[in-house]
Amino acid sequence: MNLDNLARVDLNLLVILQVLLEEQSVTRAAKRLHLSQSTLSKSLNRLRDTLGDPLFQRTAHGLKPTSHALLLGQKLPSVLQSLYQLSLPPTFEPADSSRQFSFAMVESAYETLIPYFIGPLLSQAPNLKLDSYVWTENSMQDLLQGQIDFGISGRDLQPLSNFHRDKLPEGIAHRILYQDHQVCLVRNRHPILAQVEAGNWNRAAYLELAHVQVRCEGNDWWALDYHLAEAGERRRLCTTVPDFYGAASVCAHSDLVFTVPASFAVHAQKLYSLTEIPLPLAFDPMVYVLLWHQRNDEDLGHRWIRDIICRSVSAALGVEPREYRE
């Protein structure tokens, strides 16, 4: 390592480069960094001189990174995270800490899980700043890049699913919080309830009905659909929506069936006139998992929060969280 060369690098420029790579727009990057566009343009010129590469080309659609900039973009998140770790104090005292942590959670986790751990977290660390976001198809990348600290997501145990528990990106650690199973919701007085009452609720009846589905990380299929496809069967997915409560509302005002984790069904029934009936076929359960990047394994603040979340959920649900990759 040539420390003399490194001493000439303004580390603030690396932060600017990371934001430019993410936004690919001087205007958006300047707004995010609370800088004027002229100041950011000057910093970009300094970056170009320092790194000996143009880094970006201007196009009608914004900034297009050069191949060298893309290569740097693969390394920068871990470099910046390491620098951030160096800036932290050697200890973490929850009662005195004012650190900021961010979460991205699937919608059902807000109702199902967050009530169990948010109280214990803030009662022991009242000065923490906790930012929460909805889990989307971009959240895993945000976790990889250090844009968020934790994720709470549902993962499947069905082997062919795109969201199987073991199909996590390299570097992402996880701990299973608890296991759940799928049930069906239909509106009160749905015609199918008479068949359920008569004992005629079965796989064939389920497949004959029309269904509403939540789009999961941009994917219209859930693990159940892959499971059915193995047998050459498909559900009639008549409507796909972006969120669970939207699907519950559609279900309550139509004859569509909503297949959903049992833990969320309880909350949906508090808001809408819905009846829960069992899923009439054998199917693998799913799990809710706590996700984080392995570079934060030894961070004392991260470890404390992970422990609080896991212990709180375990105590509330009477389950023992299973650890796989920590």
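Ser98 sits in the loop that joins helix H5 (67–87) to strand E3 (100–105). The model is predicted. Its chain holds 14 helices and 13 strands. Of the 326 residues, 47% count as buried.

**Overall dimensions and contacts**

- The C-alpha trace of the chain spans about 80 × 50 × 35 Å along its principal axes.
- Among contacts in the chain with a separation of 6 or more, 73% come from residues 24 or more positions apart.
- Ser98 and Thr27 are 71 residues apart in sequence, and their C-alpha atoms are 31 Å apart in space.

**Helices H3 and H4**

- Thr27 belongs to the contact that H3 makes with H4.
- Helix H3 (residues 26–33) packs on helix H4 (residues 37–51) at an angle of about 105 degrees. The two axes are 9 Å apart.
- H3 and H4 are therefore roughly perpendicular to each other, as the angle falls in the range from 65 to 115 degrees.
- H3 contributes Val26, Thr27, Ala29, Ala30 and Leu33 to the contact. H4 contributes Gln37, Leu40 and Ser41.
- By class, the residues of this H3–H4 contact are five nonpolar, three polar and no charged.

**Helices H7 and H14**

- The axes of helix H7 (residues 114–124) and helix H14 (residues 300–317) come within 8 Å. They cross at roughly 135 degrees.
- That angle makes H7 oblique to H14.
- The crossing of H7 and H14 is right-handed.
- From H7, the contact draws on Tyr116, Phe117, Pro120, Leu121 and Gln124.
- From H14, it draws on Trp304, Ile305, Ile308, Ile309, Ser312, Val313, Ala316 and Leu317.
- The contact of H7 with H14 has eleven nonpolar residues, two polar and no charged.

**Strands E6 and E12**

- Eight of the nine residues of strand E6 (residues 172–180) are buried, so E6 is largely enclosed by the rest of the structure.
- E6 pairs with strand E12 (residues 286–293) in the antiparallel sense. Eight bridges link E6 and E12.
- Ile176 has Val289 in E12 as its bridge partner.

**The five-stranded open sheet**

- Five strands form an open sheet in the order E9-E8-E10-E7-E11, and the pairing is mixed.
- Strand E9 (236–241) and strand E11 (274–278) stand at the edges. Each has a single partner strand, so one side of each is left without a neighbour in the sheet.
- Neighbouring strands of this sheet are turned by 35 degrees against each other on average, direction ignored.
- Strand E7 (residues 182–187) pairs with E11 in the antiparallel sense over five bridges.
- Within E11, Ile277 is the bridge partner of Cys184.

**Helices lying across the sheet**

- Helix H12 (residues 244–252) lies across E7, strand E8 (210–214), E9, strand E10 (257–261) and E11. H12 runs at about 145 degrees to E10.
- Helix H13 (residues 262–271) lies across E7, E10 and E11. H13 runs at about 120 degrees to E10.

Technical notes:
Residues numbered from 1 in each chain as written. Predicted model: local features only at pLDDT ≥ 70, side-chain atom pairs only at ≥ 80, totals over all residues. Heavy atoms only, no water. Axes fitted to C-alpha atoms, helices over the stretch in contact; angles between N-to-C directions. Helix = DSSP H or I, 4+ residues; strand = E, 2+ residues; numbered from the N terminus. Parallel < 35°, antiparallel > 145°, perpendicular 65-115°, else oblique. Left-handed = near helix turned anticlockwise from the far one by under 90°. Contact = heavy atoms within 4.5 Å. Nonpolar A, V, L, I, M, F, W, Y, C, P; charged D, E, K, R; others polar. Buried < 20%, exposed > 50% of the residue type's maximum accessible area, 1.4 Å probe, protein only. Pairing = 2+ DSSP bridges.
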